[in-house]
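I opened the notebook to look up two topics today.

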Amino acid sequence: MLTGRGVVGVQRAEDETPLGGIDIPERGRVAGVTPTVPMTPEQALLRVIHCLDRVHETGFKTKAFVRALDVVRNTDPVELAERARDERLTELDGIGGSTAAVITEALAGVMPAYLSKIEHETVVPITDAGRVYQQALRGDCHLHSTWSDGGAPIESMAATAIELGHEYMVLTDHSPRLTIAHGLDEERLARQLDEIDRLNADIAASGHDFRILTGMEVDINEDGSLDLADALLAKLDIVVASVHSKLRMERQQMTERMVMAVASPHVDILGHCTGRMIGKRPESTFDADYVFAACAQFDTAVEINCRPERLDPPRELIDLAIQYGCWFSIDTDAHATGQLEWQPLGCDRAAEREVPLERVINTMSADDLLAWAAA
Ligand SMILES: [Zn+2]
Ligand SMILES: [Zn+2]
């Protein structure tokens with residue numbers, strides 16, 4: 001949940017998102033898309049941040065580049081060019097030696113040395129066995145945007161997903177109760193659905209065979225009910241249900257809570273089921289036999305969450321879910337464009353435990369996935 005807060009771009013209210021803002025054909029105009037020279041300083045900085053995000057670098061380096069991006073966006077381009085020419089960029093508050101070098105090289109029309117270095121260093125590795133799964137995946141069913149606690153606007157996430165070869169992505173921002181993550185209430189959800197309509201029209205007009213599917217990562221309340229009215233959940237293409245509160249609940253209560261959510265006809269995927277944060281937070285305790293039996297019975301997919309700090313469920317629970325004949329969904333839970341590149345982590349895990357590929361829902365086409373969800 002919150003630890004994964006992305007950092008790409010500057011937080012921006014959805015009202016400011018430019019209409020028709022998706023700009024796929026001209027590469028590099030949005031975060032995450034690989035720019036080619038010549039590139040603007042903004043494109044270069046965005047790509048640096050994307051690369052740092054995909055290795056989950058959340059420290060001072062990323063913060064420095066996010067800060068520099070903000071300065072570049074708020075500085076007159078003529079002034080920026082003059083300062084680069086006179087080597088006075090570092091006089092600007094928020095620009096240091098390494099960020100100045102990237103800006104200067106981009107303005108000179110060459111590939112910034114630092115960018116070309118980290119382009120190579122930050123590639124997410126994958127095993128041969130994992131690659132079989134990755135190549136079968138057609139989309140990502142769990143990811144966030146600036147509408148909740150993500151760091152990149154919807155169009156940047158979509159542009160990156162397109163570049164990764166996806167045919168669809170399901171936008172699953174948080175539900176209202178998670179106020180700290182800026183969860184969407186009914187009114188904001190309605191506006192987000194309108195925005196997705198507009199973006200999908202733009203994507204189609206630009207000739208890409210790609211769709212943004214609607215969704216939500218809805219909180220599973222303590223009593224097993226869901227944090228959004230059924231009538232609203234029914235409008236969404238795909239719903240991920242996750243436990244984000246009272247993770248230390250007593251075993252039987254937690255089991256009942258999860259089974260109730262899994263049994264909801266509106267829930268398609270059970271998100272990061274144990275809630276663990278590797279090395280930081282233990283797994284929640286629940287009777288996995290009951291929960292996975294319910295997942296199998298109600299056709300609710302068990303998410304294989306790819307976030308490196310989660311990698312949830314752990315191995316033995318994946319094995320158990322396979323035994324119960326569950327569906328699976330290999331999702332990044334990305335909160336930044338770079339994190340959309342995390343599917344290899346879940347694919348390697350799925351390959352290791354020999355998850356049946358035909359039970360992985362995001363190997364389906366968008367139409368088949370929608371039909372599966374509606375069944
Ligand atoms: Zn979550
Ligand atoms: Zn999430």
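**Salt bridges and a zinc site**

I counted 25 salt bridges in the structure. The model is a predicted one.

I looked up Glu-42 next. Glu-42 pairs with Arg-73, with the closest N and O atoms 2.8 Å apart. Glu-42 sits in helix H1 (residues 41-54) and Arg-73 in helix H2 (residues 60-73), so this bridge ties together parts 31 residues apart in sequence. Glu-42 is partly exposed at 30% relative accessible area. Arg-73 is partly exposed too, at 38%.

Then I checked Asp-128. Its salt bridge partner is Arg-131, and the closest N and O atoms are 3.1 Å apart. Both residues belong to helix H6 (residues 128-136), three residues apart, which means about one helical turn between them. Asp-128 is exposed at 60% relative accessibility, while Arg-131 is partly exposed at 31%.

I also noted Arg-315 with Glu-352, whose closest N and O atoms are 2.5 Å apart. This pair links helix H12 (residues 315-323) to helix H13 (residues 343-352), 37 residues apart. I found one network of salt bridges with shared partners: Glu-79, Arg-83, Arg-85, Asp-86, Arg-88 and Glu-91.

I turned to the zinc ion (ligand 2). What coordinates the zinc ion (ligand 2)? I found His-142 (NE2), His-144 (NE2), Glu-217 (OE) and Asp-333 (OD), at 2.1 to 2.2 Å. Angles among the four donor atoms run from 84 to 173 degrees, and the site is irregular. The zinc ion (ligand 1) is 3.5 Å from the zinc ion (ligand 2), and Glu-217 coordinates both. His-144 and Glu-217 are both buried.

Technical notes
Residues numbered from 1 in each chain as written. Chains lettered and ligands numbered in written order. Predicted model: local features only at pLDDT ≥ 70, side-chain atom pairs only at ≥ 80, totals over all residues. Heavy atoms only, no water. Donors = N, O, S within 2.8 Å, 3.2 Å for Na, K, Ca; no water. Tetrahedral: all angles 85-135°; square planar, octahedral: opposite > 155°, others 65-115°. Buried < 20%, exposed > 50% of the residue type's maximum accessible area, 1.4 Å probe, protein only. Salt bridge = Lys/Arg side-chain N within 4 Å of Asp/Glu carboxyl O. Helix = DSSP H or I, 4+ residues; strand = E, 2+ residues; numbered from the N terminus.
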